[in-house]
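Please look at the sequence and the structure shown here, and keep both in view while reading the short report that follows.

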Amino acid sequence: MRVLVVEDERLLADAIAEWLRGETHAVDLAHDGAAALERIAVNDYDVVVLDRDLPRVHGDQVCRELVESERDARVLMLTAAAQLDDRVTGLSIGADDYLSKPFAFPELAARVLALGRRSRPAVPPVLRRAGITLDPARREVFRNGRFVPLSKKEFAVLAELMRANGSVVSAEQLLEKAWDEHADPFTGAVRLTILKLRRKLADPPVVETVPGVGYQIA
């Protein structure tokens, strides 16, 4: 999934990003509310991890504008305040979940994954198609009962193809979801990852190329 982490404490932001990247997500960073709104305007995120107390533009306002934009991103709001009123306020302005600091990284990662499953349309916790079983929580893939070891990028690309439920996914969409904002769209990274993925999934071929359109698991 593509995740935006908005946190003004840079060491914490880097730590969250590192953990989520270890969970195979593509992660972008913003350190204030204005920068967050700029990224949200140009990128399609599945989940936004949003600190509430942000400089320049408050996290509450970022959340409001994200909801009003009618984008599909889910919001996990972070805050140092643990009072009930703060949690109620965060949820009432459109946050989908709420996590108080300090928190455990495994819990944050689990909440991000759960929110991603609640995207539109909703995605089941374990994806199955064409003899492939993909478990995002365990980060495991099986093909006809055989375990398939994948790199983080291969796993992320396969997950997007599985989430599409038979629809064609363009190379641009895969680049948007599986790579962060620093990815070079001219490197051929998507094509190379697809080639490696096909080799590891083995015969019969399951990832199809739709010429001029993209890729699909039919």
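Which backbone nitrogen does the side chain of Glu7 reach? The side chain of Glu7 reaches the backbone nitrogen of Glu9 at 2.9 Å, in a model that is predicted, where local features need pLDDT of at least 70, side-chain atom pairs count only at pLDDT 80 or more, and totals for chains, interfaces and linings use all residues. Residues are numbered from 1 along each chain as its sequence is written, and side-chain values use heavy atoms, with hydrogens and water left out.

Glu7 sits in the loop between strand E1 (2–6) and helix H1 (10–22); helices (H or I, at least four residues) and strands (E, at least two) are DSSP runs, numbered from the N terminus. The side chain of Glu7 also makes a polar contact with the side chain of Lys101 at 2.9 Å, a polar contact being a pair of N or O atoms within 3.5 Å, of which, within protein, one must be able to donate a hydrogen and the other to accept it, while residues adjacent in sequence count only if both atoms are side-chain atoms.

Asp51 is found in strand E3 (residues 47–51), and an unreviewed UniProt entry places the feature "modified residue: 4-aspartylphosphate" there; such positions follow the numbering used here, feature names are shortened, and annotations may be inferred rather than shown by experiment. Leaving aside neighbours within four places in sequence, Asp51 is in contact (heavy atoms within 4.5 Å) with residues including Glu7 and Lys101.

Both residues in the table are buried, where buried means under 20% relative accessible area, exposed over 50%, and partly exposed in between (1.4 Å probe, protein chains only).

| Residue | Relative accessible area |
|---|---|
| Glu7 | 0% |
| Asp51 | 2% |
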